[in-house]
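Visitor: I would like to learn how to read a few features of a structure. Can we take them one at a time?

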Amino acid sequence: MATAALVTWLLTATAGFIMLGQWVSRGGHRPGSGSRLSPGLVFSHFPLAAIGLVLWIIYVIQPSDTLAWIAFVVLLPVALLGFTMFARWLPTVRAGTGTPESRFPIAIVIGHGLLAATTLVLVLLTALSA
Amino acid sequence: MEARDQAKRPITRLAGPYGHPLHPALVVVPIGAWVASLVFDVASHLARSPGFLVEGSRWLIGIGVVGALVAAMIGFLDLLAIPTGTRAFRVALLHMSLNLAATATYAVSVAIREAPLDRPVAIGPLILSAAALAMVGVAGILGGQLVFRYGVRVADEFTQAEGYHTTTAKENA
């Protein structure tokens, strides 16, 4: 289960990297870009998720109950920030606003969300069964 | 903004402020740990009781892998600062790919090490570690090229000139 969570986490991260790359290349991080995703949101979600992933890799190498729970707790604000960004992104797609995030491929956004939710559940199950 | 100037600016302060990038500071952890682990691997063939070297090498590889992932996270932010379609971006992609491949090779090298600590490190994992370190070396050359040739995340020349302003006796008074 821990390895499955690692795989879904890595896939989630890949989708996240694609979106971050597109957002930055369209200037989303610059003031006045018109992006509805503030740099504060993006650059809190990204490092927290990455730190969580590093903790999970350590857990897979050297399992410890405490580490599994820490990784789960780190994932909670990551998920909250992710949901917030998703809620702010949705109207830009409907309205076709032309903001840096409005042209994110829908499959990548949905895939990122579903894989992230799966990762969260797998991490919780791993921590509970530890 | 000119493409060259764009690569000098961080996309977020997480990557370190202008003229002071974090990535080059973080990479010393995996490089140091991995060089030391290879020294330990070789030394395990020379020492009379190699147990501490065999175990130490595993810890060093682990520290290196975790350090590399943290450095990669910040390095990725600098990659995004480079305009796509440029030579600098292609060099940066190759730099990243080589380092990620080296990290994965180290993970395999540590995974295939057998449990007994009373014998020197086997030739298989030792060769894997040496190959991974060679990859890190080549990636390091590319990283140097990005900084010293293409000036990625290096402050512009006007900012650099501040460090060469000589104060006269009158100004000091």
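Visitor: Is B:Ile112 buried, partly exposed or exposed?

Guide: The model is a predicted one. B:Ile112 has 45%, so B:Ile112 is partly exposed.

Visitor: Where is B:Ile112, and what does B:Ile112 touch beyond its neighbours within four places in sequence?

Guide: B:Ile112 sits in the loop between α5 and α6 of chain B. With neighbours within four places in sequence set aside, B:Ile112 is in contact with B:Pro125 and B:Leu128. B:Ile112 and B:Leu26 are 86 residues apart along the chain, and their C-alpha atoms are separated by 27 Å.

Visitor: Which class does B:Thr166 fall into, buried or exposed?

Guide: B:Thr166 has a relative accessible area of 65% and is therefore exposed. B:Thr166 lies in the loop between α7 and α8 (169-172) of chain B.

Visitor: How should I read the packing of two helices?

Guide: Two packed helices are described by the angle between their axes and the distance between the axes. In chain A, helix α3 (residues 65-95) and helix α4 (residues 106-129) pack at about 160°, and their axes are 10 Å apart. Angles over 145 degrees count as roughly antiparallel, and α3(A) and α4(A) are therefore roughly antiparallel to each other. Their crossing is left-handed.

Visitor: Which residues make the contact between α3(A) and α4(A), and how do they divide by type?

Guide: On the α3(A) side, the contact includes A:Trp69, A:Phe72, A:Leu75, A:Phe86 and A:Trp89. On the α4(A) side, A:Ile106, A:Leu120, A:Val123 and A:Leu128 are among them. The residues of this contact divide into 16 nonpolar, one polar and no charged.

Visitor: How does helix α1 of chain A pack with α4(A)?

Guide: Helix α1 (residues 2-25) of chain A packs with α4(A) at an angle of about 150°, with the axes 8 Å apart. That angle makes α1(A) roughly antiparallel to α4(A). The crossing of α1(A) past α4(A) is left-handed. Residues of α1(A) in the contact include A:Thr8, A:Trp9, A:Leu11, A:Gly16 and A:Met19, and those of α4(A) include A:His112, A:Leu115, A:Thr119 and A:Thr126. By type, this contact has 14 nonpolar, seven polar and no charged residues.

Visitor: What angle and axis distance describe α4 and α5 in chain B?

Guide: Helix α4 (residues 51-81) of chain B and helix α5 (residues 87-111) of chain B pack at about 160°, with their axes 10 Å apart. α4(B) and α5(B) are therefore roughly antiparallel to each other. α4(B) crosses α5(B) in a left-handed sense. Among the contact residues are B:Arg58, B:Ile61, B:Val65 and B:Phe76 of α4(B), together with B:Phe89, B:Met96, B:Thr103 and B:Tyr106 of α5(B). These residues divide into 12 nonpolar, two polar and one charged.

Visitor: Now a single side chain. What surrounds B:Ser57, and is B:Ser57 buried or exposed?

Guide: B:Ser57 belongs to helix α4 of chain B. Its relative accessibility is 0%, so B:Ser57 counts as buried. Not counting residues up to four places away in sequence, B:Ser57 touches B:Ser37, B:Phe40, B:Asp41 and B:Arg113. With B:Ser37 the detail is polar: a polar atom of the B:Ser57 side chain lies 3.3 Å from the backbone oxygen of B:Ser37.

Visitor: Where is A:Gly52, and what is in contact with A:Gly52?

Guide: A:Gly52 is in helix α2 (residues 39-61) of chain A. At 0% relative accessibility, A:Gly52 counts as buried. Leaving aside neighbours within four places in sequence, A:Gly52 is in contact with A:Trp9 and A:Val74. A:Gly52 and A:Ile70 are 18 residues apart in sequence, and the C-alpha to C-alpha distance is 8.3 Å.

Visitor: Last, backbone angles. What is the phi of B:Arg153?

Guide: B:Arg153 has a positive phi of about 60°, although it is not a glycine. B:Arg153 lies in the loop between α6 (123-149) and α7 (157-161) of chain B. With a relative accessible area of 3%, B:Arg153 is buried.

Note on methods
Residues numbered from 1 in each chain as written. Chains lettered and ligands numbered in written order. Predicted model: local features only at pLDDT ≥ 70, side-chain atom pairs only at ≥ 80, totals over all residues. Heavy atoms only, no water. Axes fitted to C-alpha atoms, helices over the stretch in contact; angles between N-to-C directions. Helix = DSSP H or I, 4+ residues; strand = E, 2+ residues; numbered from the N terminus. Parallel < 35°, antiparallel > 145°, perpendicular 65-115°, else oblique. Left-handed = near helix turned anticlockwise from the far one by under 90°. Contact = heavy atoms within 4.5 Å. Nonpolar A, V, L, I, M, F, W, Y, C, P; charged D, E, K, R; others polar. Buried < 20%, exposed > 50% of the residue type's maximum accessible area, 1.4 Å probe, protein only. Polar contact = N/O pair within 3.5 Å; in protein donor to acceptor, adjacent residues only side chain to side chain.
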